[in-house]
Every structure is written in structure tokens, then in C-alpha cells.
Amino acid sequence: MWIQPEEVLLAGALWVSERANPFFILQRRRGHGRGGGLSGLLVGTLDVVLDSSARVAPYRILLQTADSQIYWNIACGSSRKEITEHWDWLESNLLQTISIFDNDEDVTTFVKGKISGIIAEENRLKPGEEQEEDCGKFREAELKMRKLFGMPDEEKLVNYYSCSYWKGRVPRQGWLYLSVNHLCFYSFLLGKEVTLVVQWTEVTQLEKNATLVFPESIRVSTRHTEHFFSMFLNINDTFKLMEQLANIAMRQLLDNEAFAADRSLPKPCKTLKNVSALKRDLDARAKNERYRAMFRLMQDERLDGHTDCTLWTPFAKMHVVGQLFISNNYICFNSREEDLCQLIIPLREVSIVEKADSSSVLPCPVSISTKNKMNFLFANLKDRDFLVQRISDFLQRTPDSSWGDTSPLSLIGHSAASGVSSSSSAGSESVHRGRHYHPGLPTASQGLLQLYHRDAPEDLGPKAMKEKMKEEAWNIHFSEFGRGVCMYRTSRTRELVLNGIPERLRGELWLLFSGAQNEMATHPGYYGDLVEQAMGLCSLATEEIERDLHRSMPEHRAFQNETGIAALRRVLTAYAHRNPGIGYCQAMNIVTSVLLLYCTEEEAFWLLVALCERMLPDYYNTRVVGALVDQGVFEELTRAFLPLLYEHMQELGVISTISLSWFLTLFLSVMPFDSAVLLVDCFFYEGIKVIFQVALAVLHDNMDALLSCSDEGEAMTILGRYLDNVVNKQTVAPPIPHLHALLTSGDEPPPEIDIFDLIKSSYEKFGSLRSDVIEQMRFKQRLKVIQSLEDTAKRSVVRAMMTESAFTIEELEELYCIFKSKHMTSCYWGSSSSAADRHDPSLPYLEQYRIDPVQFTQLFTALGPWICGGHTPTLSARLFRLLDQNQDGLVNFKEFITGLSGMYHGDMTEKLKLLYKLHLPPALCPEEAESALEATHFFTEDEPRGEEGKEGGGEADKKKEEKVKDYRYYLRMWAKEKEPKRETIKDLPRMNQEQFIELCKTLYNMFSEEPLEQELYHSIATVASLLLRIGEVGKKFNNGTKKTETAATAQAPPSVQAPPPTQAPPPDLQREEGPGEGGSGESQVCRALADAQLEPAVLQTSDEETKDDTSVSSYSVVSSGSLQCEDIADDTVLIGGEQRRGSVLDVDWSITFEQVLASLLTEPPLVDYFERKGDIQSKMAACKAQRVVERQISSASDHELTQHSI
């Protein structure tokens, strides 16, 4: 390719000149191409270690002038062919022009300008998306990666690092390439080449460790091996990027979503050296995720930037040092000291942003005022003008919201009650009444607890007074720190939360701390519309919801009537409709019912969104991956904090049993409601770390009892009884009986545990847990969990297919891996739009992964035993159509194995039956056979008659059958679905002439690489001629029976009906056959075989052979006196001339499968071929090695082009 001219001082160092003229020199890198000896090895090693561009472009063209010692590199090439094209262009277009220049400087300037112009034109012609801002050095590295590892252009390099790969105890210095889908390593040291490629989807563990053997290294583990990399310049940066890419791969396995680059990233101010656009994209994603997690913001929120500053805190009368974060919808602040102060200001709440006067005490301040009269003062801002401009830009894009902090629906309710006339409000109410959800519903304006406590007499007891004191403490907090989304969040806020949120404020504060309030405020009316769309739709999720509605807190009176049940149904159904990927999962009903007690319906819905999509990621999908991940994290934390107990619990297998229910329902299903709801308070403020802390505290409190347990059941009973007796002594509401506690209470009830003491001890003993550490542990466990789920899926598939195929367990496992990798490849190298459609996690494992016709052809070519040269894609397409039973254009693993098993392990009849079907509709499409439509008419006209004849029934019977078809037909269909279909050879339809010609073509192509090629060709010609005569005889016989059938009445006796296809026709019909009548069909086959360069052979069947054959098939009658194929061909080929495709086919000609089978049985070479067992092991090994072979591109890849030199 042409490159921007670069200065070269030493033209001869490490390069060999191959062509030269007065102005240009074409050079080859020493050691590349033909040998090179020791100097070549040294140069190759230097190129790899120093990351020289010569490794990817071993050819170059230099511009030289007579007087100057400086050369200019103007072009480079990866092959001799590429560089020769550039050389020829220079000689034909520039050489004559520059030879007339007098001044060498003019020559240099002219050539440099010309090359720059060519490059600019090439860039201009590129599509917009391809114009990357990556620097030249990085693009060079990407080309190198694709060349070294045989990757397509779709594979994008993210970054590359110099490091050592430990092969045994020897480190190999080289380069680690991290692409979106692969980890690759390449090293070349003194002739020893090391190439490694690992798919991210195969990685089971990533670990950064330091040992004596491997100093500060990264370990990459897959199912079968481990790889160690060390000697990084920046090991932390490399490891973080590896984690991100492995996470993307796990998400791909989980959701089948391909990685999509973020096109909306802002352009960098300057081209960053060796940093790709993808690396910037991934860095931005990581920052966005941390930012959203820190402030509980929505998934589409993107961080624009952050800066150090101070915030004036009026409650503490001091400036707090921290960081200011700006994104498209929020201004956020977090203090450097943990828990000192946190602030979230939505831009929809901002009224004024202004620069305040600077002073020595308050340098560069910015004042931000909100609509609810709060004022925030930030100072010590480095680039204040730019910051204010960015905030102003975002404010202009922010839609003006009139709702503020309040719910839009509550405002609608107030306006209807106050400012509107009674008639209009009545009219609007009648409109609302037609909707499933409207502001008039009791649960639209208040939580279920408020509804049931509304008429209760005021309680003046000590517990009620304690509750009022809590409310007063919160009111004081609001007056001092602010109320609503813009509230200052400090250590005082946490103290109040840990002491328990008052019932009246619980809904409001849950919304605030979870971030759900922001989402609700920006989506007014969304929930109501969603309910209308979702209600009435029937799906698997809605059926499960209906089943679980009455199991949701049945002990609470709010859910013992239709008001609570209906509200729960609407919220769960709306969420299932919003997020079909999750739909509905057990445990969601318990959590949602608690949310509805304290919140309105819409608030409960948005809290559920926050839980499922942000706070408990992947908890409620079909495989509860998130809960399994946190279960693994909990086990790791137990091993770290309670090592003795961990070992004992592992032996009993208790941790995995208990933790799943604890995490999925946030202790709501295992603890009395009044106690568990306090944990939910802490969870919405602190996140998942509170649940881990409390779970560890529960194990710690029961350590002695658990260590003395001898089995799992005993340990479960101890923990169950402990949790049943965790009480909330401050609750105002009457105690709600806990069903589990009623069932497990023994003679001596265990002592009660105060929930506040449990929370306090959890903070004292395990408060050192940090959210970022938990996230790191979650990543590690996610790799394990998802890969173990994939292994479980593989085992399930193999078990299911063992009964349906003759492959061994090992073969099925290997085939599943190959099939799945082909599907995964389509996700990132194929069309990303259809990749997600091919994976449906709700389907059984057998049907989850599906491939399209192109991928099927690739697998068929690599694994199929019937390789037909150029005819293979056609045969593959037919098999695909045959296996694609639901005609969705995709084939699943079960269908794939069914087809493959028939070809490898079926007996001769099974294999021939499959081959026969491949040449009938639907496998044979109309584009391949012109007469497919005629054949369809032919079969649809003849077959019903034959069936009527067999049944011996007339029109009256047919009418009677139609009457009862409504239930008998469906009962039969249901029975057929339950029982495996067993197709006999009599069920196969007849084959017409065009289909037969296609079958002959396939058979001819099938044997092109066989050792007994000639014998097989001879056998095909013999069988083809034989079957043509059988078809001609059958045609005459069918013509006779057709006339009889049309003349006969509906009650025709059985003697007149058509005989079975295998019955011998009368000899007189056979004798009447002449060359002219049989000519058209046989000429078609003769021409088809001639097109395939095959000479039809003469039939050599003696009378003795005929007598010995005991079969009564029609071929035995015809064979004794049949005509030679060549005699007929002499008459008909000339008549047909060049117009074979245009000629009219004989639609009355047909043969049956039994006739094909019987004919083939007369030829031992064909019998031996179809009875031979195929070896799929070698095919699978070749398929596995194929990618490796493609990547092993030798340094002398263009030997065949050496003739171009000199």
C-alpha cells in the first residue's frame, strides 16, 4: 500500500535491493522469502521483538536522488505481487515525468505530493464508517494480526502488548494481540515460531498472580489447558482489558449479543499513539459502568467527563474535596473521603448555572440552583468556562419537565380533583375506566399498607411513639440536607437507614436510593401504556404469573383479596412485556408484593426495573445466572472470613443450597417479614454488599452449631430456625405469622435475635467489604458459572441425542462444540442482526443454537461423508431444506445430527432412502428441477386415488371420514407427536424423470475421489439404464390403469385397482415398448451423464441371473430382454440436440424407491460403497485443525510469485 513518505537514513541495513532505476529502489527484508540463513533468523527475531513493520510488510519502495544521502519510503507490501503492482505503476506513470526535472529537490517534492494525493483520494473513497481515527502504527499492527493468525477483516484488534509467553519453563518474548473475540500471541526467536489463539468464549478463568516461577503474571485458563503471560510494561492495564473482553464474551454466551462498537464516541483532540478507537470505546464503557453503579443511574447514561473540585456543604459549614461528574442528564459529586458526601443533581431540576465571583478563599466557583430552591456551590474548578459551557449544552437538550420530584400520575389526580369541572372530570373518569390501569385505582395513588391502615384507630403505644420519633428524625434530616433527588447523602443518612426507615417514608426513600425515581420521572405514562399492551396477551410468562399470584405473601391480608392480587398481576405482566428476555422468574412475585405494600403500582414497577436490570443483574433470567454468580462470591467470602466453617460446609454441600433462596428473595422468604424489610431498606441504600454481610453474620452466629453438624439436613434446620426467630421488636404493625417458622418451631423455641443487632454485628465484623471488590469477585465467578452452564447444556444435549443417533458420547460432544462454535462465529463475523434470532434460551438445549444454509454448507463440506466436488453445495442445500422441518431457514443441532447420523451410521437402505429424499421436494427446489411443479401435480393427482383404492372406500366413505376428521384427525396428530415417526420405504413418493436425472448427477459426482472410481461409474450407468426401462414399463402400465379407473364407478371391485409398485407388469406390455417411446426419458439421462463426462455402459444381465433372482420386482422382468442404452441414445440425442432443458419431460414416467434399491443391489461396488462405515473422527480432527492451519501463515508465503523478481 502507499504510505506517507518517511525518511530512511540507512537504505541497505537489513534490506536487500531487488530492482532499481535512477529514482526508485524495490527492496526485500533480509531473511524473508528464499532462505536467508543465520542473518535471516536474526532479522526475523529482531522484527518480532522490536515490533518492526517489516514483519507484516517485508517489501518496500524507496525514492532516491543522486545528490542526497536521504531516502524516502513511499510504499510497502505484504507480498511480491502487491509491491510489483506499485513498482509497475511508478515506472509507467512517474518515471518519464520526473526524468525531465533538473533539480533533485523538485523530484522529491513532486513524488511526495503525488503519493500524498493518492492516499488522500483512497481515504476519500472509503465509506464513512471505515474511516478510522486509528494511527498508522496501530493499523499496521492490526494488519499484522490478521496476517499472522488468518483472521478476517471483521475481527477488530483492541490493543497489543509486548510480553513473554511461558511454554514449559522457557519464556518466549513476543506480542500479545487482544481482539474483540480472540486472545492471540506470536513469537519468532531464531527460527522457533510460537502461535497461540484462544477464543474469549473458551476462557474459564483469568487471574493475575505473582509466584516464584511466574513473576507478576497473568494466567488464562480454558477447559483443557492454562497459559501464562508475564513481563508486561503495564500489567494492570492489560488485565483490565482482558477482563472486559472476557466479560463481553460471557454476555455473548448468555444473551447471544454480538459486540457493537460505539459510533457516538467523541473524537479525540489528537490522534493517540497506539490507542485504537475500540480501546477508547471499552475504556469509556468501563468508566460509564462505574459511574452508573456509583450513583445508581440508568443504563443509557454516559459520562462526559469528571474533574476535581470542592463542594460547599451548608450542614457542615465546610468545603468538601471530591470529584464532579458530568453526563448527558446529571451532575454528580462524590467526596474523596468515603461516605462524607454524595450528591446527584438531575439536569431536569436545574434552573440556573452561573459563574460566581472568584476570590482567594473561593477560586473559580460555579453556582447551580434547582427548581425546588436548593443552591449548590462548587469551587476550585480547573477549566470553569469549559465546564459551564458543557452543562449549558446539556441543559439545552434536556426536555423541560414540569413534574419535578413528584409522580406525574399523582399530579394528574390532583388536577382532576381541583381545577376541572365535575362534568369534565366525570367524562375523563369514564375514559379511564376502560383501561386496566388508571389514576382512579386505589393502588395508583397509595401503597397497600396505607389502604389497610387508613381506617385503623391511632396507636399511641410506645412502639408507635418510637415510629413517630423516627419520622421526626428524618424530617429534621430533610430540612438540613434537603429532600428529593438533590438531597445531600452523608454518613448521617446511612445511620438513619440502618436504624430503620419509617413505614410512611419507605416507598419514597426506596425510590430515591435505588435511582428508580429518576427513571419514573423521565418516563411519564410509560407504565400505564405498558399495562394496556401487556394485559390480555397470553404467554408462558403470564401463565407462570397466574400460577404464582396466590403464593405471594398469602399470610398478609393485603394479598388475600382481589385489589392486591390485581395490582401484583399488572406489575408483573407489565415487566414481563417490557423485558421478554427475563419475562417472569419465581421469586419476583415475593419481592414485588413487598414493593406494593409501601409504593404505588407505578413506583413498584420502576423499583422492580431497578432491581432486575441494575441492582441484581441477571438474577431473574431463565438460568438465574446472577444469583449463581453471587452464590460463588458468597462461598469465596466464607472461605476468606470463616475458613474453618467453609471447609466443613463444603463437605456437607450446604452453602450452595441456602444462599440461592437468601439472595433471590433478599431474605424475604426465609425471615419474618418485619425483619426482612429492614434488610431491604439497607439493600436499596448500600447495594448487594449488605446481603453478603448479613449472610456472613448469620453463619458466624451459628458457627459452633454448624461445625458439629453431620449432614446437610441438620445444618439446614439450624439455619432455618435461627432465621425464623430474627425479630423486629420496634415494628408497629401486628406481627405477620411466618409460615416457615410455624412449621419448624420445636418444643423449645430458640432465643429471639433482634434484627437491629444482627445488622449492627454484620457491619462490625464484615463492614470492610467493598463494592468494587465484590464486582471483581463477581467477574471471576461469572466466567465459572457461565462456562459450567455451557457444560451442563452440552451434557444434556449429548444425553438426549444418545438415543437418537449412533454416534458415541465423545463424538457427540465434539460435534456439539463444532456446531456451537460455527453458530458463535456467525455472531461476530456474520450478520449480527440475525445472530440473536438464532439463539432462543427458552427453547430446549437441543434447539437453542441454530445455523443458516451458508454455515450448514461449511459444516457439511467439512464433516459430511458424501463429498461431491463442485456438486457439494447443491447437495448440502438440499439436505438443509430436508432437515429444516419448520421452514424457518435455520437448522438446530438435533436436526443436524439426525442428517449426519443417517449418512454415517445408517444401513444401506437408510442411506439410500436419505439420498432418494434429497432428490424429491422439499429438498429439490423448483429452481433446480424445471418439472418440479409438474411432478407435484402428478403426485397429487395420482396418490389420493391409490389411497382410496387401498382402503376400498368410495366417495361416501370419504365424506363420512371428513365429518369425523375434526376430532379423530387431531387425536391422531397428537398421538403421532408423542410417538417417534417410523417411515417405511412404502411411504416414500415416486420419483419423476427430472428428479431421477438429478439423482444420477449426484451419484456420478459422489465417487470422483474413490479408489474404485471406474467400477462405480460403470455400476451407475448400468443402474441408470435399468431404472429408465423400469420407468417406461411402469408408465405403460399406469396409463392402462388410469383408463380403467376413469371408466369405473366409485364402488369398483379390488381386482381393477392398481397393483403395488413392486408387482411385475404383464409381459405383453413390456414387449410393446419400442425405441421411439422410451427415447425421451433415456436421452435425458444419457445427455446428463454425457454432460458429466460419463459414457453409458451396456447392460450385461444374463437369463440365468434373472432366473436365480427370487425378487418379483419389475426390474427382473425387464432386464432379460432390455435394449441397450446406446441404441436409444443414437435415435434421441440428435433429436434433442442442444435443447435438453427446453424439451418436454415425460410426466407419466416414474419409479419407486423399492425399484431404485433393488437395482442398486445388483451392483456389488455400489453395495460395498453404501455399506461402508464412515470415519467421522478424522473429519472432526481436520475440522478442528482447519483454523490452526489457516493461521499458520509461513514467512515465505509468496514463493509462487518469485518469478516476478528481476
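## Confidence of the model

In this predicted model, residues 402–431 keep a pLDDT under 50, and the model has 24 contacts beyond four places in sequence for them. Where pLDDT is low, the predicted coordinates should not be read in detail.

For the chain as a whole, the average pLDDT is 77, and 73% of the residues score at least 70. Among the elements of the chain, the lowest mean pLDDT, 33, belongs to helix H9 (residues 408–418), and the highest, 96, to E15.

## The seven-stranded sheet

Strand E15 is part of an open sheet of seven strands, ordered E16-E15-E14-E13-E19-E18-E17 and paired in the antiparallel sense. The edges are formed by strand E16 (342–346) and strand E17 (350–355), each of which pairs on one side only. On average, neighbouring strands of the sheet are turned by 30° against each other, direction ignored.

Within the sheet, strand E18 (residues 366–370) is joined to strand E19 (residues 375–379) by four bridges, in the antiparallel sense. In this pair Ile368 stands opposite Phe376 of E19.

## Helices on the sheet

Helix H8 (residues 384–397) packs on the sheet and touches E13, E14, E15, E17 and E18. The direction of H8 makes about 160° with that of E17.

Helix H7 (residues 277–295) lies across strand E13 (303–313), strand E14 (318–327), strand E15 (330–335) and E16. Relative to E15, H7 runs at about 80°.

## Helices H12 and H13

Helix H12 (residues 462–481) packs against helix H13 (residues 491–498) at an angle of about 160°, with the axes 11 Å apart. The two are therefore roughly antiparallel to each other, and H12 passes H13 in a left-handed crossing.

From H12, the contact is made by Ala473, Trp474, His477 and Phe481; from H13, by Arg492, Thr493, Leu496 and Val497. By class, this contact has five nonpolar, two polar and one charged residues.

## Helices H37 and H48

Helix H37 (residues 908–917) and helix H48 (residues 1164–1171) pack with their axes 8 Å apart, at an angle of about 95°. H37 and H48 are therefore roughly perpendicular to each other.

Met908, Lys911, Leu912 and Leu915 of H37 meet Val1167, Phe1170 and Glu1171 of H48. The contact of H37 with H48 has five nonpolar and two charged residues, and no polar ones.

Notes: Residues are numbered from 1 along each chain as its sequence is written. This is a predicted model: local features need pLDDT of at least 70, side-chain atom pairs count only at pLDDT 80 or more; totals for chains, interfaces and linings use all residues. Side-chain values use heavy atoms; hydrogens and water are left out. Two strands pair if DSSP finds at least two bridges between them. Axes are lines fitted to C-alpha atoms, for helices over the stretch in contact, and angles run from 0 to 180 degrees between N-to-C directions. Contact means heavy atoms within 4.5 Å. pLDDT is the predictor's confidence in each residue, from 0 to 100. Angles under 35 degrees count as roughly parallel, over 145 as roughly antiparallel, 65 to 115 as roughly perpendicular and the rest as oblique. Ala, Val, Leu, Ile, Met, Phe, Trp, Tyr, Cys and Pro count as nonpolar, Asp, Glu, Lys and Arg as charged, and the others, Gly among them, as polar. A crossing is left-handed if the near helix is turned anticlockwise from the far one by less than a right angle, and right-handed if clockwise.
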